[in-house]
Amino acid sequence: MTDPAGIFYKQANTANPAQLFGLSFVWDNQDAAFTGNIESLTLAAPVVNKNVPDIYVPKDSILSIFKEPNDARFVIDTTGITYADALTKQGYFTNFQGRYPIFAKIKSIMGGEKDPTFRIFSSSILLTRFEDVTLLRAEAYAVLGETTLAINDLNAVRKYRYNVDQVGIRNNDQNDYTPYSAAKHGPVIEAIFKERQKEFMGEGHRWYDRVRYEKIKQNNPQFMQMISTGAIYWPIAKEIIAQNPLITQNSFWK
């Protein structure tokens, strides 16, 4: 998935079936750009010729989120050595031992074969993919009390992620992975949202997931107040309201 020509490159096709709907900015069609893509903000050395990323995920946050062994997205052993998928040499992060961990999950980089300073980014804005709809269905099943069906969908995603050993060797055997366990991972609804947090990092899902989670749990008074008052919605720009008097400002921002 994190290969430069992986799921974030081009549109859905037979070679990229997991991408269900996205807006492509294709190098071949001269739609790529130097700025505006997430790569221009998150990538830096050793991935591209840039010293410091504009934005990055702090190490303590990475370690608090990615705690499970055998995770192909990011795993670290007790000696501080990180491992990724040895078949693709890819993971969500690189340069973890440096000052700034580089969020290298999305890196559709074109050009620069002879001049590394000339790099054009060509990633899609990916709105939904196989893992997204599968975990959304698992979430719905969990809320409806269909626990077995929820676990089946959760494991359908997990079998592609938790299959890397401590030398970075990915097992392609679908039965040789780490399935969901209530004893290890807690209630299934918690495991589903934790999986979404890890899987969709950097793709713009986290806030909407958090809103749905709080609506389901209803044990966070402060967040429930935000929901009831409309504070979870963005304000509408004054310029938009000025152009159309039928549009009114969201109640919280009036």
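Author: R129 and E131 are both buried (under 20% relative accessible area; exposed means over 50%, partly exposed in between, with a 1.4 Å probe and protein chains only). Their side chains meet in a salt bridge, 2.8 Å from N to O; the term stands for a side-chain nitrogen of Lys or Arg within 4 Å of a carboxyl oxygen of Asp or Glu. Side chains of opposite charge can pair when their charged atoms come close.

This is a predicted model, in which local features need pLDDT of at least 70 and side-chain atom pairs count only at pLDDT 80 or more, while totals for chains, interfaces and linings use all residues. Residues are numbered from 1 along each chain as its sequence is written, and side-chain values use heavy atoms, with hydrogens and water left out.

E131 also forms a salt bridge with R161, at 3.3 Å from N to O. R161 sits in the loop between α4 (147–158) and α5 (182–185), and E131 in helix α3 (residues 130–143), so this pair ties together parts that are 30 residues apart in sequence. Helices (H or I, at least four residues) and strands (E, at least two) are DSSP runs, numbered from the N terminus. Like E131, R161 is buried.

Another salt bridge joins the side chains of R137 and D153, with 2.7 Å from N to O. Because R137 lies in helix α3 and D153 in helix α4, the pair links parts that are 16 residues apart in sequence. R137 is partly exposed, at a relative accessible area of 46%, whereas D153 is buried, at 7%.

Salt bridges that share partners connect E68, D71, R73, K105, R129, E131, R158, R161, E195, K198, E199 and E203 into one network. The whole structure has 20 salt bridges.

Now the nonpolar surface. L20, F21, L23, F25, I125, L127 and V133 make up a nonpolar patch with about 580 Å² of accessible area together. Such patches consist of residues with over 30% relative accessible area and no salt bridge, with nonpolar side chains (Val, Leu, Ile, Met, Phe, Trp, Tyr) joined within 5 Å and like charges within 9 Å. Accessible areas come from the Shrake-Rupley method with a 1.4 Å probe, and for residues only the protein chains shown count as cover. Two or more patch residues come from each of β1 (19–23) and β8 (125–129). β1 gives the most, with three residues. L127 belongs to strand β8 and is partly exposed, with a relative accessible area of 41%.
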